[in-house]
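Please keep the sequence and the model open beside you as you read.

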Amino acid sequence: MLHDSVILRVVVKLLLPPILLYALYVQAHGEYGPGGGFQAGVTVAAAMILYTLIFGVPEAQRVVPFAVVRTMVPLGVLIYGGVGIVGLMLGSHYLDYTVLAASPPDGNHIGVVLVEIGVFVTVSGTMLSIFYSFSSKIEDGEDAD
Amino acid sequence: MVAVTIGIVRLRNLFAVVMLGGIYSFLMATILYVLDAVDVSMTEAAVGAGISTVLLLATLAVTKVREAAPIHPPALPLAVALVTGAALIYASVDMPPFGDPLGPGHQHVAPEYIARVLPETHIPNAVTSVLASYRGYDTLGETTVIFTAGIGVLALLVGRRRPRRSDGASGGGNA
Amino acid sequence: MEVLANINQWVTIFLMVAGLYIVVARGNMVKKLIGLGVFQTSVYLLYISPGKIIGGTAPIISPDFTVYSNPLPHVLILTAIVVGVATLAVGLALVVRINEAYDSIEEDEIYAQEHDA
């Protein structure tokens with residue numbers, strides 16, 4: 001890949017922390033401004049894809065192993081479904097967040113935050129695992145030539 | 001935007017088409033931003049211009065960059081497309097004018113949501129609260145769709161290593 | 001102004017027809033998927049543009065504003081974009097596998113191979 005260029009390596013190292021920080025901001029601030037789990041998840045995945053493009057797949061998989069990414073895919077759905085189950089346990093309907101806190105609006109707020117975390121985990125995990133699968137194909141092709 | 005679209009239709013070098021696709025996505029994100037859909041615009045910029053472009057490039061790296069010349073004359077598809085377009089333009093005459101606050105879509109549930117969002121959820125962003133709270137089931141289903149897509153891609157690309165090596169050796173060389 | 005009242009619909013229709021044309025006329029599978037993407041973005045516009053209210057602002061509730069654009073299409077299309085990229089990824093994975101099996105991503109060539117064999 002492109003790991004020979006010093007400029008690219010340095011610039012990417014400078015760019016990655018702000019991108020990841022921005023993704024976290026988008027995730028945490030999604031209730032007040034534009035953003036939420038989808039946007040944050042995609043941004044994190046894009047940051048990791050940038051890292052992979054510059055430093056190569058083995059280096060990226062040392063930072064975020066494939067197994068972790070694969071686990072994140074069902075984990076997010078589990079978090080989302082789990083929030084629904086908790087509502088069920090506390091004597092309300094499935095995915096009814098109003099019982100999660102003392103007052104219904106706060107419960108709604110907490111529920112939305114938890115659900116967005118679930119969405120974030122699944123989206124970032126899926127995007128990265130898709131990208132890893134494609135890049136493993138490319139490595140295969142390069143080996144064959 | 002129109003020029004970029006025509007470029008996408010005409011060009012046969014798939015690499016250039018993918019790059020135009022990225023430009024197209026950014027233009028679309030800008031238009032969505034102007035139309036007040038800030039959340040959607042952000043997602044389109046990240047997904048359309050970022051992830052999709054990278055995935056398409058990855059596919060091109062594995063497959064071929066040149067598109068073969070079309071064998072069939074384009075008359076029939078063009079006719080189908082034009083007839084569809086004419087029917088849609090005929091239908092668009094009956095739509096409410098652009099940006100009209102009295103349009104039927106703005107009368108029924110939307111004001112209700114906007115009025116109830118802040119007292120009921122303490123979340124100022126109406127899009128987030130409707131997405132995750134009022135329409136929680138839809139978003140759960142959507143997360144499941146993404147989950148399924150991830151599983152599908154993993155099953156297609158990772159499960160079987162190098163199935164037909166004998167005739168697939170020319171695969172990665174054209175990038 | 002009367003003539004341009006539905007300009008947003010016309011842009012949508014143009015993109016939709018262009019996407020449809022690519023999907024129907026082109027045999028290359030990657031090109032077909034890009035065409036599907038163009039068609040899909042036209043649907044985003046179809047939903048979002050009637051939700052805009054002239055003079056309105058983005059639907060983030062604040063005491064400073066009273067007129068908001070309709071948030072419901074935004075929710076729907078947010079879902080559609082993410083599902084769209086997921087289906088695009090599955091489609092591309094299928095293209096990669098088809099290329100491995102047939103060494104071609106052109107519909108006509110694959111059809112010919114199937115019928116020669």
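1. Let us start with one residue, A:Glu59, which is partly exposed because its relative accessibility is 27%; buried means under 20% relative accessible area, exposed over 50%, and partly exposed in between, using a 1.4 Å probe and protein chains only. A:Arg62 is exposed, at a relative accessible area of 61%. The side chains of A:Glu59 and A:Arg62 meet in a salt bridge, at 2.9 Å from N to O. Such a bridge needs a side-chain nitrogen of Lys or Arg within 4 Å of a carboxyl oxygen of Asp or Glu.

2. A word on the ground rules. This is a predicted model, where local features need pLDDT of at least 70 and side-chain atom pairs count only at pLDDT 80 or more, while totals for chains, interfaces and linings use all residues. Residues are numbered from 1 along each chain as its sequence is written, chains are lettered from A and ligands numbered from 1 in the order in which they are written, and side-chain values use heavy atoms, with hydrogens and water left out.

3. Why can A:Glu59 and A:Arg62 be described as about one helical turn apart? They are 3 residues apart in helix H3 (residues 57-63) of chain A; helices are DSSP runs of H or I with at least four residues, strands are runs of E with at least two, and both are numbered from the N terminus. An α-helix has 3.6 residues a turn, so residues three or four places apart point the same way.

4. The whole structure holds 2 salt bridges over all chains. Please look at C:Arg97 and C:Glu100 too, whose side chains form a salt bridge at 2.7 Å, N to O. Both residues lie in helix H3 (residues 71-102) of chain C, 3 residues apart, about one turn. Here C:Arg97 is buried at 17% relative accessibility, and C:Glu100 is buried at 19%.

5. Chain A has 5 helices and 0 strands. Of its 145 residues, 51% are buried. Contact means heavy atoms within 4.5 Å; among contacts in chain A between residues at least 6 apart in sequence, 63% join residues at least 24 apart.

6. Do look at the surface of chain A as well. A:Ile85, A:Val86, A:Leu88, A:Met89, A:Leu90 and A:Val99 make a nonpolar patch with about 540 Å² of accessible area together. A patch like this joins nonpolar side chains (Val, Leu, Ile, Met, Phe, Trp, Tyr) within 5 Å, from residues with over 30% relative accessible area and no salt bridge; areas follow the Shrake-Rupley method with a 1.4 Å probe, and for residues only the protein chains shown count as cover. A:Leu88 sits in helix H4 (residues 66-89) of chain A and is partly exposed, at 44%.

7. How much area do chain B and chain C bury between them? About 7,100 Å², 75% of it on carbon and sulfur atoms, where buried area is the accessible area (1.4 Å probe) that two parts lose on being put together, summed over both. Chain B brings 81 residues to this contact and chain C brings 71, with 0 salt bridges between the two chains. In helix H4 (residues 75-92) of chain B, B:Gly85 touches C:Ile13 and C:Val17, leaving aside residues up to four places away in sequence.

8. Chain B and chain A bury about 4,200 Å² between them. B:Met42, B:Ile51 and B:Leu157 supply 13% of the area that chain B buries against chain A, more than any other three residues.

Methods. Patches are made of residues with over 30% relative accessible area and no salt bridge: like charges are joined within 9 Å, nonpolar side chains (Val, Leu, Ile, Met, Phe, Trp, Tyr) within 5 Å.
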